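Here's a quick briefing to go with the model below. Have a look at the fold, then read on.

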Amino acid sequence: MCGILGYIGNREAYPILIKGLHRLEYRGYDSAGIALINRENSKLNIYKTKGRVSDLEEFTKGKDISGTVGIAHTRWATHGEPNHINAHPHYSQSENLALIHNGIIENYAVLKESLIRKGYVFQSETDTEVLVQLIEYIKTDNNTDISTAIQLALKQVIGAYAIAVVEKENPDLIIAARKSSPLVVGIGQDEFFLASDASPIIEYTNQVIYLNDEEIALIHRNEQLRIINLSNVEKTPQITLLEMSLNELEKGGYPHFMLKEIFEQPRTLRDCMSGRLNTGNGRVVLSGIIDHREKFINARRIIILACGTSWHAGLIGEYLFEEFCRIPVEVEYSSEFRYRRPVIYPDDVVIAVSQSGETADTLAAIELAKQAGAFVYGICNVVGSSIARNTDSGSYTHVGPEIGVASTKAFTAQVAVLTMMALNIAREKKTISEQQYLALLSELSGIPGKIETILQQNRYIEDLSKIFTYAHNFIYLGRGYSYPVAVEGALKLKEISYIHAEGYPAAEMKHGPIALIDNEMPVVVIAINSTTYDKMTSNIQEIKARKGRILAIVNKSDCKVREMADYTIEIPDTEECLSPLLSIVPLQLLSYHIAVKKGRDVDMPRNLAKSVTVE
Ligand code: F6R
């Protein structure tokens, strides 16, 4: 949610910052801006515009974009509508300082009022401008240097921030700080980079430092990086080596990242299971679980915390843990969990699921669980992310950067990790027979190959999608393990095509939603072989009787549903508990093609951002 970026070194900053902004654009894309210090004429130039990074490039044409130090921002609006005035960077009153920010300053109104009383005039409606004005006020009033002013200002701030500040008269310095929003500093040869994540940095260096909460990086040109905290205690920078590759950040011939990521799933699932799932010796090795075996074996309850698609993966986790491990599970929206008074026992195991590892609500919910003494396990994709660092243990999903805003490959890998966890714990607890355990292990290892066969139907699904572009509403239905798939399928459609879609447990239809069915309503049913197959066929009859148009996801071996449905998409047979890993794939493709046919920007759908670092 908002991408921030900075560069200081011997090269021109503008091209590096623009390229980096393109990489960070998935985090927010309603406006963009850049600040550059030109040493020749001692000017601090800010250029910003509503729209995408490409609009900013257009806007800066013919303008003075020289400078070897600069900061840049791509915005997802929180305070103030997306326009060029609210875009970052923001000047301080004297225009000596420029600041970019990712996060929310919760007490901005109080701070703003007090600054207005002191004669400060505000240009924008943002919380961010308050921060840059506050820093300037403190600097002038206390006659102090910029880093002390930033320390003092941040002590007054309530909320979340990753910021970077440049000062006109100090062209050899960028100051960056963070609390609850991510910030990475890249260390190159005589140059430094800073960014919300490592994707804009990897091209130049693989040495990075992830800042911790309430740390401030003093990034001086041609000097060692210094890190201090708000109380001025010096910290030793911990260098991490990045393992990401540049190829992972490119579209690789696909028209959209989303399609690339859907097609990557056979490989990403193999990567996710590699070294963990061993059918040869019948073992599932997840070091995070092995190291904390007793916690899982003796867990009174499992609480899964997540948002959005990750929450849907969590629902599948609930079915898996209850079926195989016989541990009661609750799946909670992080945002709800953190603001009620949940009962948390010290022998609860909390599993936080998050692709980005930065989701603000999930981070806050984890804190609550930790305070209550629960053991917290993280399932994250982004290595070194805040959730990965703030949990007691965990497993990475290892799918590489997910850039399309709609989550696809991260979802299937989250489900795969939850499946491996459930199998591992069930075997330890002896709540699964050895025969069933080995059969599931073998079947799980074959899932990537089965996804490959589903992807071969891409053309067919694309053709099918044409039929549905007329629709204003969709219903998705599933039962058992297919219910979370229905909800996830509906989310995929609505977020990228802007068609209203709802996912329901099929049997719930009769309790209200059935009133919506008419001959215009497409109903996607996940009607695969399962313990509730016959019940599902009755639900399909009920829809047919009301003339709903049925698109059914069926198994290859299916006969009955095929007869009833208007259209079908086949998936290979598998064990019921593993079926979400297959049945979600055609739904991802269907949403993608419908959205493309409707001319939507599938990788950057309106109003959304990939990493939700504000609550
Ligand atoms: C939907 C989607 C979102 C995220 C949600 C949580 O396609 O991507 O619903 O799943 O914002 O994000 P993470 O997993 O990063 O915590």
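How far apart are the end C-alpha atoms of helix 18 (residues 482-497), and what should its 16 residues span at 1.5 Å a residue? The end C-alpha atoms are 22 Å apart, which agrees with the 22 Å that the helix should span; the expected span is 1.5 Å times one less than the number of residues. Keep in mind that this is a predicted model, where local features need pLDDT of at least 70, side-chain atom pairs count only at pLDDT 80 or more, and totals for chains, interfaces and linings use all residues. Residues are numbered from 1 along each chain as its sequence is written, and side-chain values use heavy atoms, with hydrogens and water left out.

**Helix 18 and what follows**
- Helices here are DSSP runs of H or I with at least four residues, strands are runs of E with at least two, and both are numbered from the N terminus.
- Helix 18 is mostly covered, with 14 of its 16 residues buried; buried means under 20% relative accessible area, exposed over 50%, and partly exposed in between (1.4 Å probe, protein chains only).
- Just after helix 18, Y498 takes a positive phi of about 65 degrees.
- R606 lies over the face of Y498, 3.9 Å from the ring centre; a charge sits over a ring if NZ of Lys or CZ of Arg is within 6 Å of the ring centre and within 35 degrees of the ring normal.
- R300 lies over the face of Y345 too, at 3.6 Å from the ring centre.

**Domains and the core**
- The domain assignment gives domain 1 (3-101 + 161-242), domain 2 (251-445) and domain 3 (456-601), with bounds that come from an automatic or database assignment.
- Domains 2 and 3 have their C-alpha centres 25 Å apart, and 28 residues of domain 2 are in contact (heavy atoms within 4.5 Å) with 24 residues of domain 3.
- The largest nonpolar core has 92 residues, and F321, I351, M421, F474 and Y476 touch the most other members; such a core is a set of buried Ala, Val, Leu, Ile, Met, Phe, Trp, Tyr and Cys residues joined through side-chain atoms within 4.5 Å.
- Helix 14 (residues 409-429) gives the most to this core, with 12 residues.
- This core lies between domain 2 and domain 3 because both give residues to it.
- Leaving aside neighbours within four places in sequence, M421 is in contact with L286, I289, F296, F321, I351, Y377 and I379.

**Aromatic rings**
- The structure holds 11 aromatic pairs; rings of Phe, Tyr and Trp (its six-membered ring) pair if their centres lie within 6.5 Å, and planes under 30 degrees apart count as stacked, over 60 as edge-to-face and the rest as tilted.
- F296 and F375 have ring centres 5.8 Å apart and planes at 85 degrees, so the pair is edge-to-face.
- That pair links distant parts of the chain, with F296 in helix 9 (residues 293-297) and F375 in strand 21 (residues 375-380), 79 residues apart.
- F296 is buried at 1% relative accessible area, and F375 counts as buried at 5%.
- F468, F474, Y476 and Y567 form one aromatic cluster.

- R549, in strand 26 (residues 549-555), counts as partly exposed at 23% relative accessibility.
- Beyond four places in sequence, the contacts of R549 include I467, Y470, D566 and Y567.
- N96 sits in the loop between strand 5 (90-91) and strand 6 (97-105), and is partly exposed at 24%.
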